[in-house]
Every structure is written in structure tokens, then in C-alpha cells.
Amino acid sequence: DVGLPELPPPPGSVFGDRDGDAPVPMRELLGPLLGNRTFWLVCAMNVGLTSIRETFNYWTPLYLNQEVGMDSEVAGLLSFLFPLTGAVACLAAGWGADRLGGRYGRLIVPLVLLASIALAALAALDLRGHPWAALGLIGAVGLFVMGPYTFCAGVMAVTLGGRRGASASAGIIDAVAYGIGAVVSGVGAGVLVERFGFGALLEVLFGLAIATLAVAVLYRIREERSHAT
């Protein structure tokens, strides 16, 4: 309105120099997104992180009650620890990413590694009668998972989509994650817990975290190369 120049497209947009506000046919909108490897790496990371997040959101009260031995009402009350630490993590991760110049892989890789260690401890340790240890590890998972989770369908999706496809990018990344994550955290987790107990579920989540870590390493390599050029 005041005659200032338009801001350039965000670095990393899949549309490159063709990014802009003008409407384009669906093929021209989705083609660059779906043909971009970094976009699919972000989708894959978000599948793993969403599956872990939703599983803890659904199953933490029952885990604390049945496996740790807490009273069901107290377990339901204290299960707020996971989203609480997650909220702190989102703010801290955003602050850190701004100071790293938007190199999200430099945060995602160590955070997912730490989440994997916390999940390994939850799967390996007998925490019955040790509620504070169980709560501490659950809080650690929330602390280390939620920052990377927030990046995937947030700023990373917007960066990849640029001005032309930010909404499409965020929508696809979230749709893929919740389409698979809902199955893992709902039906899949229910079958595992019923047949094999919470130990098996936590082992699967640990494996999922390791797979997500591998994808995060690939993402970081591509991100560092793009910043180098």
C-alpha cells in the first residue's frame, strides 16, 4: 500500500524463482511439492513425531495407573506433564531456531536423539512404585519431541511452500502425519497394549524414534547443503 517492494520468497521454497501470489493450476501447485525430497523427509519426520505425541496424549493416564501403580485420578491429573513440557519445548525450540538462522536440523537431530534415549529408558526400566522417575521420563519425551513436531507442520512447511504453496504444504504434511499417526497411536497401540503390555508399545515407540532420527539426519544433510550454496 505504501509502495515498498515485495518481500522475496523464503529461502528453501520448492517453487524457487517461480514463487509468488498469483493463482496457478493444481498441477503447478502440487507438482513441485510432491516432487521435492526435502518435503517428503519433513512428512516422514512428522509421521514419527505425531505418532509418539498422540500415543502419549492418549495412553499416559492408563500407563501411570497400570504400569506405575498410581491411583487412576492422580494419574489422569499428572498426565498433564507431557503437554506442559511440550509447551515449554515449543517456545525454547523456536527461540533456538531463530538464533541458528533457521537451520532446524541442527536442533531436530539432537532433540530426537534425546527423546530416543528417554523412550529407551521407559521401555527398559521397571518403574512400578517409582512415579517420579516415570513422570520425569515422560516429561523428557515431551520436552524433546514437541519442538521438532512443531517445526514440521509449522515453519518448515511454510518455508517449503513459500508464498504460493504454504497452506498446501502445511495441510499435506499434517494430513499424512495424522492419517498414519492416528492408526499407530489408536488402534495399533491398543492392540499392542492388550496383547503384550505397555513394554511392547514403548519398544515400538523407541524404534519409531530411531527411524525418525535417521530421517532427521538426512534432512539436516540436505539443509546444510542448501545453506552452503
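Start with Arg 103 and Glu 224, whose side chains meet in a salt bridge at 2.9 Å, N to O. Keep in mind as you look that this is a predicted model. Arg 103 sits in the loop between helix H4 (81–99) and H5, while Glu 224 belongs to helix H8, so this pair ties together parts that are 121 residues apart in sequence.

**Salt bridges around Glu 224**

- Glu 224 also pairs up with Arg 106, and here the N to O distance is 2.8 Å. Since Arg 106 is in helix H5 and Glu 224 in helix H8, this contact ties together parts that are 118 residues apart in sequence.
- Another partner of Glu 224 is Arg 220, with a salt bridge of 3.9 Å, N to O. These two are 4 residues apart in helix H8, so about one helical turn separates them.
- Put together, Arg 103, Arg 106, Arg 220 and Glu 224 make up a linked network of salt bridges. The structure as a whole holds 4 salt bridges.

**The largest pocket**

- How much space lies in the largest pocket? The figure is about 390 Å³.
- Its lining takes in 15 residues, and the ones nearest the centre are Pro 11, Gly 12, Thr 159, Glu 223 and Ser 226.
- H8 gives the most, with 5 residues.
- Sorted by class, the pocket lining has 6 nonpolar, 7 polar and 2 charged residues.

**The cavity**

- Searching the whole structure turns up 1 cavity of 30 Å³ or more. The volume of the largest cavity is about 90 Å³.
- Which residues line the largest cavity? Among them are Thr 55, Phe 56, Trp 59, Thr 60 and Tyr 63, along with Leu 122, Ile 138 and Phe 198. The list also includes Leu 201, Leu 202 and Leu 205.
- H2 and H8 are the elements that give two or more residues to this cavity lining. The biggest share comes from H2, with 5 residues.
- The cavity lining divides into 9 nonpolar and 2 polar residues, with no charged ones.

- Ser 51 has its place in helix H2. At 1% relative accessibility, Ser 51 falls under the 20% cut-off, so it counts as buried.
- Want to see how the chain folds back here? Ser 51 and Ala 209 are 158 residues apart in sequence, but their C-alpha atoms are 9.5 Å apart in space.

**A nonpolar patch on the surface**

- Which residues form a nonpolar patch on the surface? They are Leu 113, Leu 114 and Ile 117, and together they have about 250 Å² of accessible area.

Terms used:
Residues numbered from 1 in each chain as written. Predicted model: local features only at pLDDT ≥ 70, side-chain atom pairs only at ≥ 80, totals over all residues. Heavy atoms only, no water. 1 Å grid on protein atoms, 1.4 Å probe; cavity = no way out; pocket = protein on both sides within 12 Å on 5 of 7 lines; lining within 4 Å. Points joined across faces, edges and corners; volume = space filled by probe spheres on them. Nonpolar A, V, L, I, M, F, W, Y, C, P; charged D, E, K, R; others polar. Patch = residues over 30% accessible without salt bridge, like charges linked within 9 Å, V, L, I, M, F, W, Y side chains within 5 Å. Areas by Shrake-Rupley, 256 points an atom, 1.4 Å probe, with all protein chains shown as cover. Buried < 20%, exposed > 50% of the residue type's maximum accessible area, 1.4 Å probe, protein only.
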